[in-house]
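Open the model in your viewer and keep the sequence panel beside it. The stops below say what to select next and what is there.

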Amino acid sequence: MDSLSCSVDSLSWMLPCQFQQAFGIACPGCGLQRALWALWQGRIGESFLSYPALLPFLCVLLLALVCVFRPRRFWRRLLLFFAYLTLFLVLIHWVYMLCNP
């Protein structure tokens, strides 16, 4: 392995958080890249621990597509539920990250 290659497991290839670099505190999205990578590798538990709002957010994206093609009240209500759940989890996770640096 040459010196230019980067280990995928080291996560050194991920983008640094510009918000954290500028203000010195975690942003509401800190952990999202790690969570996406863990989910991509099939590690759902690790993904949830890195960023709990990722799975509900993916449900929001899926339900938004469903609502475009099947605009029913049930799908809109489910979309709204997952949107609020996502927002709640983002805020809870952010407060946790701010209190436990």
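**First stop: α4 and α5**

Select helices α4 and α5, which are roughly antiparallel to each other, a label given to angles over 145 degrees, where under 35 is roughly parallel, 65 to 115 roughly perpendicular and the rest oblique. This is a predicted model: local features need pLDDT of at least 70, side-chain atom pairs count only at pLDDT 80 or more, and totals for chains, interfaces and linings use all residues. Residues are numbered from 1 along each chain as its sequence is written, and side-chain values use heavy atoms, without hydrogens or water.

α4 covers residues 54-69 and α5 covers residues 73-99; they pack at about 155°, with axes 9 Å apart. Axes are lines fitted to C-alpha atoms, for helices over the stretch in contact, and angles run from 0 to 180 degrees between N-to-C directions. Contact means heavy atoms within 4.5 Å.

Now show the side chains between them. From α4, pick Pro-56, Phe-57, Cys-59, Val-60, Leu-63, Ala-64, Val-66 and Cys-67; they meet Trp-75, Arg-76, Leu-78, Leu-79, Phe-82, Ala-83, Leu-85, Thr-86 and Leu-89 in α5. By class, this contact has 15 nonpolar residues, one polar and one charged. Here Ala, Val, Leu, Ile, Met, Phe, Trp, Tyr, Cys and Pro count as nonpolar, Asp, Glu, Lys and Arg as charged, and the others, Gly among them, as polar.

Stay on α4 and pick Leu-62. Is Leu-62 buried or exposed? Leu-62 counts as exposed, at 54% relative accessibility. The cut-offs are under 20% relative accessible area for buried, over 50% for exposed, and partly exposed in between (1.4 Å probe, protein chains only). Draw a distance from its C-alpha to that of Leu-79, 17 residues along the chain: 8.8 Å.

**Second stop: α2 against α4**

Show Leu-32, Ala-35, Leu-36 and Leu-39 in α2, which meet Leu-54, Leu-55 and Leu-58 in α4. The residues of this contact are seven nonpolar, no polar and no charged.

Move to helix α3, residues 44-50, and select Ser-50. Ser-50 is buried, with a relative accessible area of 16%. Beyond neighbours within four places in sequence, Ser-50 is in contact with Cys-30, Gly-31, Arg-34, Ala-35 and His-93.

Select Ala-35, Tyr-51, Ala-53, Leu-54, Leu-89 and Val-90, the six residues of the largest nonpolar core. Such a core is a set of buried Ala, Val, Leu, Ile, Met, Phe, Trp, Tyr and Cys residues joined through side-chain atoms within 4.5 Å. Centre on Leu-89: outside four places in sequence, Leu-89 is in contact with Pro-52, Ala-53 and Pro-56.

**Last stop: the whole chain**

Zoom out. The chain has five helices and zero strands. Of its 101 residues, 23% count as buried.

Technical notes: Helix = DSSP H or I, 4+ residues; strand = E, 2+ residues; numbered from the N terminus.
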